[in-house]
Amino acid sequence: MRRQVELYIKKDNESGTGYERVDLFDFEDININNSIKDARDIGKVFTEFTQEFKVPASKNNNKLFSHYYNWDVSEGGFDARLKVPALIKINGVDYKKGRLTLKGSALNKNRAKNYSVVFYGETVSLKQLLSDDKLKDLNTSHLNQFQLNYSSANVQTGFASGYNISGGTIVENTSTTTAGDLCVPFISAQNYYFYDTTQNAPNPAEGASESRNINVNESALVTPRGISFGDLKFGIRVYHIIKAIEEKYGLTFSTDFFSTTNLDFYELYLFLSKEKGQYSEDGGTVITDFDDFSLDSGPDARPMQTTRQFAYQNGTNSSYNISYTVGTAFSSSTYSLVVTNKIDGSTVFESNGGGISTTFNFSLHKNTRKRFDLEFKIQGENTSNFTQSVSIVHKQSTMEGRKLTILPDSTSTYSESLEPFKFNITGNMPDIKVIDFLTSLFKTFNLVAYYDNDIVTVKTLVDYYDNGQSIDLTDYVDNNVANLNRTNLYSTINFEFEKPSTFAVLNSNEITSDEFGNEKMNNLNQDPEIFSTLAFDGGTYNVKNKFEKIMYERMTNQTGGDNTNVGWGWLVNKDQDSVLTKPILFYGIKQQLSSAPSGNTPPSQILFDNSDTTYTNLSQYIRASNTRSYYSGLSFVEAQSINFGSEFDEFHQVENTTSLFKTYYEEYVQDIYNRRSRILKVKAFLPVSVILKMTLDDEVTIGNRLYGINKMKLNLNTGKADLELMTRTASKLS
């Protein structure tokens with residue numbers, strides 16, 4: 001029996017009071033297409049769509065489509081560039097809300113015969129919405145809450161405690177276990193760190209990197225020592241990046257996966273690093289004019305004027321000795337000083353400097369009379385906590401006959417201590433597009449997305465299937481027409497991060513002939529009958545995200561070899577030179593130094609170098625980790641890792657099998673490779689009651705067998721359905 005299918009649209013892009021009905025051909029069928037493949041592509045945000053179908057060029061439709069066939073009608077004409085809100089009803093009951101696209105019009109003697117249209121379920125095209133925007137473009141009020149000065153004190157707080165947002169204000173995180181909303185993990189961008197109870201121990205590093213002993217009892221005569229705050233950069237919860245994406249693009253993601261209670265996600269951080277090496281902000285340009293100076297002693301030496309040197313004659317000799325000192329908080333700071341004469345634009349002095357402090361000395365002593373109006377311009381990078389102090393000493397003497405008289409010096413000085421630079425969250429984001437960041441998250445955790453009542457619902461694939469209904473289609477299947485095929489058996493499935501660039505991972509991969517963090521499978525179910533990959537002829541399937549994996553190290557005492565409770569990462573290449581990595585995800589762990597999960601006696605404190613000749617002893621810090629594993633009393637609790645495969649936990653030094661593959665991929669993949677796995681293609685005639693409720697996450701029963709839905713093509717007018725089903729070896733993948 002043919003169903004009554006009705007199509008309604010709203011014109012003018014959601015304006016108007018309601019939907020208007022579109023006339024349909026009695027013989028034209030509307031077919032809906034669904035595929036689980038689209039649900040796993042965040043760029044599409046899973047949607048149903050119809051095959052292109054035609055509607056008559058009736059008087060009503062000509063009015064609705066504003067005589068689109070007549071291109072001379074422009075004022076108030078139908079804009080086919082836009083998808084208009086639409087609604088499909090079956091037998092008077094709402095079936096789908098979505099959008100309708102007008103594809104074109106068939107003409108006969110310049111008059112419309114029909115219009116071609118396509119219906120799309122409610123959807124957001126994230127690829128179009130996000131365009132080529134990068135994470136650095138997420139300049140939102142949400143992320144702007146995290147603004148704070150990049151200073152030794154603030155970095156130390158972020159390193160020891162972390163920060164939270166409270167009432168729109170950034171405050172110190174007081175939790176003893178979590179790292180907070182914003183933290184500073186122990187990942188060194190340049191220098192090498194070690195722990196040794198022996199003072200003045202040998203330098204373990206090679207190349208240009210400094211070696212720094214973080215033992216609090218290291219001799220005060222040894223420099224450098226302690227953790228240099230310039231080596232450290234911030235990390236932010238990925239949750240807050242998701243919130244910023246929602247704000248900037250007017251989206252709402254569901255809290256199924258992007259939730260504060262889903263700790264596998266909520267405790268995940270993105271390392272904020274836009275360039276290699278120590279943290280750097282452009283120091284900008286600071287201009288100081290002689291008019292800003294104060295007279296400390298002697299007569300006022302302004303206007304500045306030098307005179308010719310004298311030789312056994314009457315006259316005066318006037319010169320200026322200038323000392324200009326620059327100070328910053330970083331030993332890696334670089335800057336230049338340019339002094340110009342504003343009267344004629346000439347350069348009086350120019351030089352480069354670097355390090356925590358540099359003093360430039362020069363003199364103005366001309367053989368001819370010359371006037372000066374000095375401008376001091378200091379420009380540099382990495383000049384947080386910038387200070388400048390200048391002293392100008394005017395020296396003058398007179399000659400009368402052969403009598404030389406030395407006049408009193410005139411001293412003018414100027415000093416300034418500038419505000420530390422604000423750490424800009426978006427300005428320090430790694431270089432990655434927003435769409436690529438989301439896509440990489442989806443591939444990492446095997447997520448699906450679909451649009452539902454103005455919300456982009458995001459779930460793991462397993463949860464997606466678990467939340468579906470169980471529908472028995474036994475009575476509706478045409479048993480006379482069916483095809484049973486084996487599933488596509490890939491010979492190899494690769495789960496990969498970006499190519500590694502850091503010292504520890506590269507060395508480990510060479511030694512073990514394995515790729516740290518990745519997983520490669522070519523014998524998924526260990527079935528001896530199909531051990532040979534010749535049985536797998538489906539090619540290679542790659543799951544690759546745009547994140548880079550780094551390997552952390554648990555420090556041992558160089559004297560004695562005992563484990564410490566200090567874990568850290570080092571962003572250098574094989575030559576131990578600083579390197580810029582691809583985006584890095586990590587779990588932030590608040591590590592208490594007084595606890596000893598390994599049974600060894602760790603240091604109770606580590607040394608933090610404030611880079612201003614002062615040091616602080618810290619009893620806790622933020623440890624970056626590839627796992628969420630922890631000790632509960634004396635019991636070790638293995639928790640989720642962000643490695644695709646089973647890997648040795650660098651800090652706890654045990655194998656962690658709770659991999660991304662095991663948690664988020666294994667059930668689905670193993671189902672494909674099961675001996676009993678089949679792809680069943682059947683035809684069915686579905687009643688309206690089933691059509692109105694059936695979705696791709698449903699579990700289908702035919703006879704006594706369970707199936708999941710891969711694809712579904714549904715004729716709304718007749719109820720005829722072409723279904724591609726995959727057998728389930730376990731109900732709802734669980």
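This is a predicted model: local features need pLDDT of at least 70, side-chain atom pairs count only at pLDDT 80 or more; totals for chains, interfaces and linings use all residues.
Visitor: On what conventions does the description rest, and what pLDDT do local features need?
Guide: Residues are numbered from 1 along each chain as its sequence is written, and side-chain values use heavy atoms, with hydrogens and water left out. Totals for chains, interfaces and linings use all residues, side-chain atom pairs count only at pLDDT 80 or more, and local features need pLDDT of at least 70.

Visitor: How many helices and strands does the protein have?
Guide: Helices (H or I, at least four residues) and strands (E, at least two) are DSSP runs, numbered from the N terminus. On that basis the secondary structure comes to twelve helices and 52 strands.

Visitor: What percentage of the residues of the protein count as buried?
Guide: Buried means under 20% relative accessible area, exposed means over 50%, and partly exposed lies in between (1.4 Å probe, protein chains only). Of the 734 residues, the share that counts as buried is 52%.

Visitor: Among contacts between residues at least 6 apart in sequence, what percentage join residues at least 24 apart?
Guide: A contact means heavy atoms within 4.5 Å. Among the contacts in question, the share joining residues at least 24 apart is 71%.

Visitor: Is Asp296 buried, partly exposed or exposed?
Guide: Asp296 is placed in strand β20, residues 294-297. Because its relative accessible area is 49%, Asp296 is classed as partly exposed.

Visitor: With which side chain does the side chain of Asp296 make a polar contact?
Guide: Leaving aside neighbours within four places in sequence, Asp296 is in contact with Thr411, Ser412 and Thr413. A polar contact is a pair of N or O atoms within 3.5 Å; within protein, one must be able to donate a hydrogen and the other to accept it, and residues adjacent in sequence count only if both atoms are side-chain atoms. At 2.7 Å, the side-chain partner of Asp296 is Thr413.

Visitor: Which residue in β30 is the bridge partner of Leu295?
Guide: Two strands pair if DSSP finds at least two bridges between them. Strand β20 and strand β30 (residues 410-417) pair in the antiparallel sense over three bridges. In β30, the bridge partner of Leu295 is Ser412.

Visitor: Which residue in β30 is the bridge partner of Gln388?
Guide: Strand β28 (residues 387-400) also pairs with β30, in the antiparallel sense and over eight bridges. In β30, the partner of Gln388 is Glu416.

Visitor: Which residue in β43 is the bridge partner of Asp609?
Guide: Strand β42 (residues 606-609) is joined to β43 by four bridges, and the two run antiparallel. In β43, the partner of Asp609 is Tyr615.

Visitor: Within what arc do the buried residues of α10 fall?
Guide: In helix α10 (residues 503-512), Val505, Ser508 and Asn509 are buried. They line one face of the helix, because, seen down its axis, they fall within an arc of 100°. The arc is that of the directions from the helix axis to the C-beta atoms. On the other side of α10 the exposed residues are Glu510 and Ile511, whereas the arc of the buried ones is 100°.

Visitor: How many of the twelve residues of α8 are buried?
Guide: The buried residues of helix α8 (residues 434-445) include Val434, Phe437 and Leu441. The helix is largely enclosed by the rest of the structure, because the number of its residues that are buried is nine.

Visitor: Which residue has its backbone nitrogen reached by the side chain of Asn717?
Guide: Asn717 lies in the loop between β51 (705-715) and β52 (720-727). Asn717 counts as buried because its relative accessibility is 5%. Its side chain reaches, at 2.7 Å, the backbone nitrogen of Ile30.

How values were computed. The expected span of a helix is 1.5 Å times one less than its number of residues.
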